[in-house]
Amino acid sequence: MTGLNEAIHLVIYALELRLPRDSPDDGAWVRKLAQGANSDGPDQALENLANLVNCFVKHISCGQHAIMDLDAAIILCRYVLQFRPAGHPNHASSLHQLAQCLVDRFHQQPVIVDLDDAIALEQEALQLLMHGDSDYDMSRRCLTACLQMKFDSQATMMSSGAPGVIHLNVKQVICNVAFETLKNMPTRLLHIPTGILCNRDVQASHFMSSLRYKQLVSLCTTYCGDQQMALIRTEVSRYFRYVTLSHRWGEGEPLLRDIEGHQIYSIPTGGGLGKLKAFCRVALEQDYLWAWSDTCCIDKHSSAELQEAIGSMFAWYRQSALTIVYLSDVPDTGSLRNSEWLRRGWTLQELLAPRTVLFYTQTWSLYKNITSSNHKTDVTVLDELERATGIGSRFLTDFSPGMDNARSRLQWASSRRTTRPEDIAYSLFGIFNLHLPVIYGESAEHSLGRLLAEVISQSGDVSVLDWVGEASPFHSCFPAHITSYQMLPPPQDQFNAEEQSLVTSEDPPLFGVLRKLCGFVTTSLLPQNFRRFLTPSIIASEVRWPMPDSYGLGDVYDFHSFTRAPLPRFLNCCLILPCIAHRVTVSQLTSEDPSVLSYTYRIQASGLRPLEITLLQKIENMTTSQGALQLVRPWNSKGQSAIIDATSEEQLLSTLGKPFHALLLTELPHSEYRRIASSTLITAQPIDSASILRSKVRIFNIV
């Protein structure tokens, strides 16, 4: 050991002759030595440094205290590795030496990054060495030990079922949480203080070099377990809060390639760049670090990224800390009701998704000088929005994406426009919480048809079939344009609260009505010896029919088995639709106006009162004697659940006896049907209770 120490001292002495010490700090001297030796080139200085590294590594392996601190040794190793690149005969040994130093530092001060670096270095070294060589075995043993240490640290973190963070891994866990947070955020964000567009890696780098990160690492030492993990998630989320811009696109909007790699504040203002700068200035005033705009934060030349952005945009606006709405056409004294922003397709989700919104006028002044932190909670603004959009305040302030009230959601979008026609459907994907392919170049009818088919298939909501106007070439049951949902009353619930309320009285007359009405349904489900114990409450609360697994076009469900009818489904370009069917027996043309494609008919159908309908085409050539025309009432899950809950014949008959919106179908070959579009809603009504009791649900295959 004395000889080894002397060797180290001699090498250091040789190096000191090249660069005398000016302080007793070994680490500082080695750093200067590594920087200064560069001027001499890879000559004897490099060889001396390599010898010193070899001596130092041997010294560590003997369990002795290092003459120089580990940080200095690692600097030496990295410097030597620079001059021994891939292909150098000693490159593998230099990788192994650096890995050993990192492992030794990990033992003294457990930082998982050192361990990860050591693993990567040994993995690279093994790729360069021959299996069976002594150096190969040395690197393999070191890699095995490193992996075991990493497994042990991970196991410690997961022990006791608590997601707490042990001290050695706190930095790594913070880093992991940061990337986990960024994964659910927009791909790129503008760093507001510098005006530079940053991807997720750069965003993470900003955080890891920030004072907030250092404070968080220090603060974690005062917490443990769940509290520590909650602190990390809270602080990371707070750092990455971002602001979104909602606006009307104008001329000269800056795109990704216009600002990538530049500070936006140093680019000459012109076109939409002035708007982007003003947006960042306002966001900075609100004390945010990050901002997102749909103009420059998406690579629109990448179809994959565009697909991801359209599918994620509702979530991005929902997760934003604030959405700033810029009304470029509203002066300081104007009203947002007149803004074109309310008539654009994409801005519908930008209105509904964010929880916090501030409106700004064309001069970037707060709308009506309302200083509230959230204009969605301001009564004046909320009232204006409700009257301008027709959207209830409860949806404006607390909207949930999904397919509830599907017909209403389509009506909200029916008066809006998009530059690309197919975008009107894409802009609704987030509102309906659907993830469908974005296929630019397809027709607007096709994109809308795909959307409606998915809504019906997933929800069974047939209210989306309530429209008037031109039929879509995609499917006869869908409109060609979303404007067909405009100015129609919202769909009426088939059953009101009173009709759906359960009557639990055990009055024998009521029970007799139930047994007469539902006896077949209820008693056929139970053994003979249990039937006498049935009560009205049991019938109302317990009987539920299972849904069939398959669809049979010949299946017919009578009045007592309506609830067995399957849900609507869209399959292979066909709408499989359960309907209460009424065969048309008479169709008489009463007036026509070919100039506007308007043909009015007086219709008689089995079980219905006579009615008038106005169509966009003549139906003289369609045979009615064979049942080629059918007026149908689509049957859905809401009707099924309400039917079984009805507890009196009077309530049930009253419900089904009300006017309803009907579809007119014409029969095609192969037992298929096609819907005939009308220019007004077809409102039909059953003749009487007897006709209701005779009605049946059939399955129609509509193309």
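The model is predicted: local features need pLDDT of at least 70, side-chain atom pairs count only at pLDDT 80 or more, and totals for chains, interfaces and linings use all residues. Residues are numbered from 1 along each chain as its sequence is written, and side-chain values use heavy atoms, with hydrogens and water left out. Strands (E, at least two residues) are DSSP runs numbered from the N terminus, and two of them pair if DSSP finds at least two bridges between them.

**Pairings of strand E9**

- The hairpin of E8 and E9 has 2 residues between the strands, and Asn 572 in its turn has a positive phi of about 50 degrees.
- Strand E16 (residues 697-702) pairs with E9 in the antiparallel sense over 6 bridges, with Pro 578 opposite Ile 699.
- Ser 587 has Ile 603 of E10 as its bridge partner, and Leu 589 stands opposite Tyr 601 in E10.
- Between E9 and E10 the hairpin holds 4 residues, with Leu 597 in the turn at a positive phi of about 50 degrees.

- E10 is largely enclosed by the rest of the structure, because 6 of its 8 residues are buried (under 20% relative accessible area, with exposed over 50% and partly exposed in between, for a 1.4 Å probe and protein chains only).
- Strand E11 (residues 611-615) pairs with E10 in the antiparallel sense over 5 bridges, and Leu 611 of E11 is the bridge partner of Ile 603.
- The hairpin of E10 and E11 has 5 residues between the strands, where Gly 607 takes a positive phi near 80 degrees.

**Nonpolar cores**

- A nonpolar core is a set of buried Ala, Val, Leu, Ile, Met, Phe, Trp, Tyr and Cys residues joined through side-chain atoms within 4.5 Å.
- The largest core has 120 residues, and those with the most contacts inside it are Ile 174, Phe 359 and Leu 465.
- Apart from this core lies another, of 25 residues, among them Ala 92, Leu 98, Cys 142 and Cys 146.
- Not counting residues up to four places away in sequence, Ile 174 touches Phe 207, Tyr 213, Leu 216, Val 217, Cys 220, Ile 232 and Val 236 (contact means heavy atoms within 4.5 Å).

**Cavities**

- The structure holds 4 cavities of 30 Å³ or more; a cavity is a set of points, on a 1 Å grid over the protein atoms alone, where a 1.4 Å probe fits but cannot get out, and lining residues have an atom within 4 Å of a point.
- The second largest cavity has a volume of about 70 Å³, a volume being the space filled by probe spheres set on the points, which are joined across faces, edges and corners.
- Its lining consists of Ile 580, His 582, Arg 633, Leu 656, Phe 660, Pro 686, Ile 692 and Ser 695.

Conventions
1 Å grid on protein atoms, 1.4 Å probe; cavity = no way out; pocket = protein on both sides within 12 Å on 5 of 7 lines; lining within 4 Å.
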